[in-house]
Amino acid sequence: MSLELSMHTRPQVPLEAELLGPDKTLGLDSKAVSGLQIQHGNEQVTVGDFFKVKGKGEGAIHLEGDLARVKLLGSGMTTGKLHIHGDVGEHLGVGMSGGEITVDGNAGDWVGPEMAGGRIVIKGNAKHLAGSAYRGSAAGMLGGEIFIHGHAKNEIGHGMRNGLIVIGGNAGDFTGVNMLAGTIVVLGEMGIRSGAGMKRGSIITMNPAEMLPTFSYDCIYHPVYLRLLFRALRTQGFNISDAKLTGKYQRWSGDSVELNKGEILVFTP
Amino acid sequence: MASTLRFVNGRVYDPANNIDGEVRDICIKNGKVVDSLPDDTPSIDASGMVIMPGGVDIHSHIAGPKVNLARKLQPEDHRHDPHPGTNFTRSGSGGTVPSTFATGYRYATLGYTTVMEAAVTPIGALHTVEELHDTPVIDKGFYLLLGNNIYLQTLLKEGRHDEFKQAVGWWINKTKAYTAKLVNPGGDEPWKGKRNSNVTDIDEKSDLLNISPRDVIEAFVKTVNELGLPHPPHIHCNNLGHSGNYKTTLETMKTAGDLRMHLAHIQFHSYGGEPGKNPDSKAVEIAEYVNTHPNITCDVGQVMFGKSTIMTADAPLAYLLRGFKKGKWVNADAECESGCGILPFSYQEHVFTHALQWAIGLELFLLSEDPWRIMLSTDHPNGGSFMSYPKLIRLLMDKEFRKEEIGKVNQKAIAKTNLPSLDREYTLNEIAIISRAAPARALNLKHKGQLGPGADADITIYDDQEDKEMMFNAPRYVIKSGEMVIEDHEFRNDYYGKILHSAPEFDEEISEDIRPFFEKYYSIEFENYGVADHYLHEHEIIPRVSS
Ligand SMILES: [Zn+2]
């Protein structure tokens, strides 16, 4: 049996729920989980003050209710499953290294910052800075996968060093800014200044995109690895047409203010 | 709060009063140490404990614009090290450049009660004073960067030596500083004006004003001694970090003649070898000079392995280092009377240069014969955080531990030094000298660094432990100006210390000479410059000394 938490009281200010991860609650019964101390603004409260808890910690947690003001869920998660049946707040899966987080609704800013492994699936939209580095850090996402089926906002994959981010809808500005390596796929439209300051890595987009003047056009070609990647993404529920699977892509190199070893691939029907 | 306190049965180390581990009572009344208290005064039993004056750090970087820039540059450093508040103290953030509150509390948890900020631009003095007000527990002061000041150097060039003296007096008064600090004297200005044209020799005349570092150093040694500032000019020599720089350091010390001079973080200035090639150790030569010249004091600037933050008014140096590191850095103060560069750094055991720097620092400590003239510092946060002092103390006091640590570092570097052959172990009395009595004496803080009647009741009481790192990491009691700030390792009280500064006499007329220069070149109003009296809260003017 898994742990089931349903919210009975909506927090006035964000709850900081970094203790609520499938690994951190392993072996705890509902009473022990209810008694866990978490932060509510500047007050210490217990999980039970906001959630009705059922079941036992056996590697999976289901959360229900309006969790838009619940932050830091699944922080440092190493294994197990965390399923959020609704919206969720900021800083989901901070630095996680394994396991899977699924959000049926929308997510706030900072999905999977500095994560090293595992998978986060957002069925709705996400806000800014998914898969990014925290301010000041040398590197963002180090590995793992973030799948956002809806739209995402600015600075997706800021400073990412490895891993995969897929946005089913549109992305905001500065996608892949300061990227060190890794792959970002945007199936919708991308905002401006994509790949600014990128050293290595790939950004793939299905729609015409405005290039920074520090990016240079290389060629039009069909990268074989895209077919493999897109086939895998189809199994994750992303809608990718055969034309895109087999089509041609413009390749742009950049950012020449940095190493110039990154690429932006733009689908060209 | 109790205005009296008495500790009985503790072993007292008070080298300024020739007390070396004697068991005796320490009595405190109204913030001062007193001879005795009435018999019915309650006593705290300090048996098994070691009592020392509160620590005095003569060279650290804890407040002001460059420190704050270093904080802004490294949010990651803070994020990984939150500093929670207690019922008595405020919260903050740590890392190598802690927030103001965390800086004060963390110094206090090591038993330090006085700290000097070692490099403040005149234009940054007001910011520094405001930050120092928010740095709890410790008393504090700052040294004023005057070694790359165009106005002052122009006076030197024109041979107007009396005006030079008056102007230095004006600047120290105007900013509420403690003494003059020279950083890469005469080198920053030409570097700012012409990319990478730093001076490399103490006698090299800059093409900007046609004066040499030696001209600047000589003028300041003479002037600061004439003005009777409580601490001599505090000098960061030219060529910091460069191979072969020990010659510059020796020449700098010779420039003092027999006048007082303090050499900052001398470890960074004790390198042999050819410029641009690998360095070796010249600790023997430097220690020999210091040993035989009682007018010279210095602090070591020990390198400790791990994360550090380079922050210096030596902008050309930071520019050079940023080329190796390729990470983030900041250059600042290009537009005012100094320079400034900041970059995150990390000293690693396996790196030749880092291991050599570490070993040279320890050599200097172990080779110096007079602990009253060589003081404990890591040039926080340049060589490492002040939080590593307890480990440094253990390295000095425990030769077996030192041997183990030597075994862990780059052996090619160790082979360039005499460190393995040095068997000396510092005694508790010597540690009390290098970390409190000597810095207090070098600063002419007569009421600090000692526990005689009338001394400030800044006192640290440690549990006597075999492991000196453990011991110095966690004093059981810390008393600041007679208030029990830490009791049984916990904060029991908050306390805000005072600003210590000098007020040398000078001829007011000099301001009419400075004003036109100021109005021509500065970006703020003459009247808004410096630190007006009403900005000072608790403060103390340290009287002039005759040399
Ligand atoms: Zn320094």
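In chain B, B:Pro381 is situated in the loop between strand 20 and helix 13, where helices (H or I, at least four residues) and strands (E, at least two) are DSSP runs, numbered from the N terminus. The peptide bond that joins B:His380 and B:Pro381 is cis, with omega at about -5°. The structure is a predicted model, in which local features need pLDDT of at least 70 and side-chain atom pairs count only at pLDDT 80 or more, while totals for chains, interfaces and linings use all residues. Residues are numbered from 1 along each chain as its sequence is written, chains are lettered from A and ligands numbered from 1 in the order in which they are written, and side-chain values use heavy atoms, with hydrogens and water left out.

The zinc ion is coordinated at 2.0 Å by B:His59 (NE2), B:His61 (NE2) and B:Asp379 (OD); donors are N, O and S atoms within 2.8 Å of the metal (3.2 Å for Na, K and Ca), and water is not among the atoms, so sites may look incomplete. The spacing of the donor residues in sequence is H-x1-H-x317-D. B:His61 belongs to the loop between strand 8 (55-60) and helix 1 (65-73) of chain B, and B:Asp379 to the loop between strand 20 (374-375) and helix 13 (389-397), so the pair ties together parts that are 318 residues apart in sequence. B:His61 and B:Asp379 are both buried, a term that denotes under 20% relative accessible area, with exposed over 50% and partly exposed in between (1.4 Å probe, protein chains only).

Chain B contains 18 helices and 26 strands. For its 547 residues a compact globule would have a radius of gyration near 24 Å, and the value of 22 Å for chain B agrees with this; the radius is taken over C-alpha atoms, and the globule rule is 2.2 Å times the number of residues to the power 0.38. Along the principal axes, the C-alpha atoms of chain B fill a box of roughly 70 × 55 × 45 Å. Of the 547 residues, 63% are buried. Among contacts in chain B with a separation of 6 or more, 76% are between residues 24 or more positions apart, contact being defined as heavy atoms within 4.5 Å.

Helix 9 (residues 246-255) of chain B is mostly covered, with seven of its ten residues buried. These buried residues are B:Tyr246, B:Thr248, B:Thr249, B:Leu250, B:Thr252, B:Met253 and B:Thr255. They pack against helix 8, strand 14 (234-236), strand 15 (261-263), helix 10 (283-291) and strand 16 (296-299) of chain B. After helix 9 comes B:Gly257, with a positive phi near 60°.

Several loop residues of chain B were also examined. Most residues other than glycine have a negative phi, and most peptide bonds are trans. Phi of B:Asn184 is positive, near 40°; this residue is found in the loop between strand 13 (179-183) and helix 7 (188-193) and counts as buried, at 0% relative accessibility. Phi of B:Asn210 is likewise positive, near 60°, and B:Asn210 lies in the loop between helix 7 and helix 8 (213-227). B:Ser338, in the loop between strand 18 (330-332) and strand 19 (340-347), is buried with a relative accessible area of 3%. Apart from neighbours within four places in sequence, B:Ser338 is in contact with B:Thr121, B:Leu145, B:Asn148, B:Asp188, B:Lys192, B:Ala313 and B:Asp333.

Chain A comprises three helices and 17 strands. The C-alpha trace of chain A spans about 60 × 35 × 25 Å along its principal axes, and buried residues make up 52% of the chain. Of the contacts in chain A with a separation of 6 or more, 43% involve residues 24 or more positions apart.

A cis peptide bond is also present in chain A, between A:Gly254 and A:Asp255, with omega about -5°. A:Asp255 occupies the loop between strand 16 (248-254) and strand 17 (262-268). A:Gly169 lies in the loop between strand 12 (164-167) and strand 13 (183-186) and counts as buried, at 10% relative accessibility. With neighbours within four places in sequence left aside, the contacts of A:Gly169 are A:His149, A:Gly150, A:His151, A:Val186, A:Leu187, A:Gly188 and A:Glu189.
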